[in-house]
Amino acid sequence: MFPLVLFLSELVLAQQQLLPGSCNFEQDKCGYISDSTYGRWSRNEEGRFVTTESSLLYGKDRAVLESPVLELLDWACLRLVYQVTGNASLTLHLRPQGDNFDHRLWSAAKASDSWLIASIDLQNNSNPFQILIEGQPKDEAGNSVAIFEIHIVPGYCIECNFEEHHLCGYGNQWNPNVNWYVGGSLARDPQSSLPDDHTMSNQRGHYMYVDSVYAKRFQEVAKLTSPVTTVALSGCLSFFYQREQGRGNLFSVFTRDLLGHYQELWRPQVDATHTWTLVSLDIKAPHPVEVVFEVAFNSARGGYVAIDDISFSSAFCHTETEPTFDPSIANCDFEEGLCRYYQESQRADSKVWNRVSVRPNAYRMGDHTTGTGSFLLANTRFTSWPGYVGRLHGPLLPGNHKYCLRFYYAVHGFRKLDNALVLYIYDDHEVAQEKLWSLSDSTREVWTQVDLTYSKPMISKVVFVSICKNFWDCGLVAIDDITVTLGDCRITADMASSLPGQCDFEAGDCGYSQDMEGDQGDWLRVRGQSPTSYTGPRGDHTTGVGHFLYIEASLMRPGHKARLLSSELRGSGAPQCLVFYYHMYGSGTGILSALLRRGDREHEALLWRRRGEQSVSWMRATVDYQCSERHQIIFEAVRGPSIRSDIALDDIVFRKGPCEDPGDTISYSGFSENFNEIEY
């Protein structure tokens, strides 16, 4: 009897502690309840799981299961065992208390005929929160979403001792001949050379191993893949391994990002180890990655590789590892100066790049940041000779990082665009290493976004270069809102577009809808330039070539309204900040208002209003408000007396208040003697 008790005690120790919010649905729903605003989740009485299907939606498009209120003082991992059947989707959200918006953590829409496991990292947070499980089965028979088990355990999702049946979400990339298997247990072949488990130091525990015995071809590869990290990770990854016949196999550890790019982290320096050997390596993952343990065999006599007890710490393993670098030192919107940028002057009395601002007017656009702020402009009037070479140097950034550089440019009056604006990468010895980008296409007079991903092994910096060979061929070239982040631009852009409370209308209407009862016109989602001349924007604010919403005055009568309703917001006792960009250009422009509708009340409170033509530029509005109950924000546009009355909206953002700046305090009536004035 004693060995059985010992075995059970070891098994309990190997299993991880379950935190509040965990549930196997065997007895009840563990405090999880269906949000009555939507459809219903039902607990299956015969099997231990909860499910929702089209018959349980009652005319709604989704069912939302809310967890009890939870608190996490330390990092934790949520493991979800689920199944999507037919045409349906499953999404997990985190709902912080006092926040208007839910934060999407993870989603899946691929149907499966078996249970799957998802691993989602939950960062430590002293603010109470809830987990929301949203199922969206389409309105047809056979579509459903089911949840079998929710486990919330301490630690990071990439950690694993392989004692649990779900293997912490680690997966084997199937190969017909060589694969990773679960090793250990008392039932193994006594003639096997495989080791005892490391966690328990006996044959009862488990680990993962891959053996060459079934290898058929040269370089047969087996891959063991961790769950994809869902948040940024930076620290020390540790694991134990054993390796037999080191010259018969190649063992390495990589990270793989969402684009499929690999980065090698480690490979062994010795051929074989016959005892469990600890490996600690530093990892920096600013964006989602998965850790890949890869073994390639040369033949069927290539031996085996085993791993166990993968762990992670937020502190780096090695003191010589550079701390995670914040590249925001290279950001600049030029509102307060040149930040850390400087220009290389040909002569002390002649600077090519100058910081300027433009007053709101109907002829020349202002800056990209606010419409009324500052930007950098290169122009021959700044120099005392007919041509120039202007170089704007950024700050030096460390090497061996992948950077995403974003900036906005605008050009006007160039007969030839050759070398109008070129971007180089320089090293710390002022030597150009690469021509990263150049302006090659003719462009409308609109701020246009450029995203560039680059990486250099050495310390480097970006240098913006504008060359004018003679006065007659050159015009104006401007840059604004330079930002630098870590990672590939394609990943950072996707992550930014999924942030709660933000909408740039590139992927759709983000839940905004037309008021079908209180208006006589519609907000239209378009791309490019509005069709009526002398009114409307030339392009959107987000990229210059993307989507925005606007009212087409030629389709409405004077005084007609178009009302755009936000999705219902929960409300918060804390101050809120609403930021959006608006475009009101045209001699007959009417009125744009932002209104607050509380609950089901018909009364609407005015938060912000502009009347008449404001500028040819996109203008930023920032609005402070506070509402502790459910509410909606309404954007109401009133058509003016003529068809030159288009009004546009873009880049709407809700964030925690109060707003950081005083908002758009510069008013413009549409009548000015200084339409074209630039302030230097």
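Predicted model: local features only at pLDDT ≥ 70, side-chain atom pairs only at ≥ 80, totals over all residues.
**Exercise 1.** Work out whether Asn249 is buried or exposed, and find what its side chain reaches.

*Solution.* Start with the element: Asn249 sits in strand S17, which covers residues 249–257. Next, check the accessibility. The relative accessible area of Asn249 is 1%, and the cut-off for buried is under 20%, so Asn249 counts as buried. Now follow the side chain. It gets to the backbone oxygen of Glu244 at 3.1 Å, and the side chain of Asn249 also reaches the backbone oxygen of Gln245 at 3.0 Å. Finally, look at the surroundings: leaving out residues up to four places away in sequence, Asn249 touches Arg243, Glu244, Val295, Ala296, Phe297, Asn298, Gly302, Tyr304 and Val305.

**Exercise 2.** Find how many cavities of 30 Å³ or more the whole structure holds, and describe the lining of the largest cavity.

*Solution.* The search turns up one. Its volume is about 160 Å³. Of its 17 lining residues, Met365, Val446, Val616, Ser617 and Trp618 are closest to the centre. Sort the lining by class and you get seven nonpolar, six polar and four charged residues.

**Exercise 3.** Work out which strands each supply at least two residues to the lining of the second largest pocket.

*Solution.* First, the space: this pocket holds about 220 Å³. Then the lining: there are 16 residues, with Arg364, Met365, His412, Glu445 and Leu476 nearest the centre of the pocket.

Terms used: Residues numbered from 1 in each chain as written. Heavy atoms only, no water. 1 Å grid on protein atoms, 1.4 Å probe; cavity = no way out; pocket = protein on both sides within 12 Å on 5 of 7 lines; lining within 4 Å. Points joined across faces, edges and corners; volume = space filled by probe spheres on them. Helix = DSSP H or I, 4+ residues; strand = E, 2+ residues; numbered from the N terminus. Buried < 20%, exposed > 50% of the residue type's maximum accessible area, 1.4 Å probe, protein only. Polar contact = N/O pair within 3.5 Å; in protein donor to acceptor, adjacent residues only side chain to side chain. Contact = heavy atoms within 4.5 Å. Nonpolar A, V, L, I, M, F, W, Y, C, P; charged D, E, K, R; others polar.
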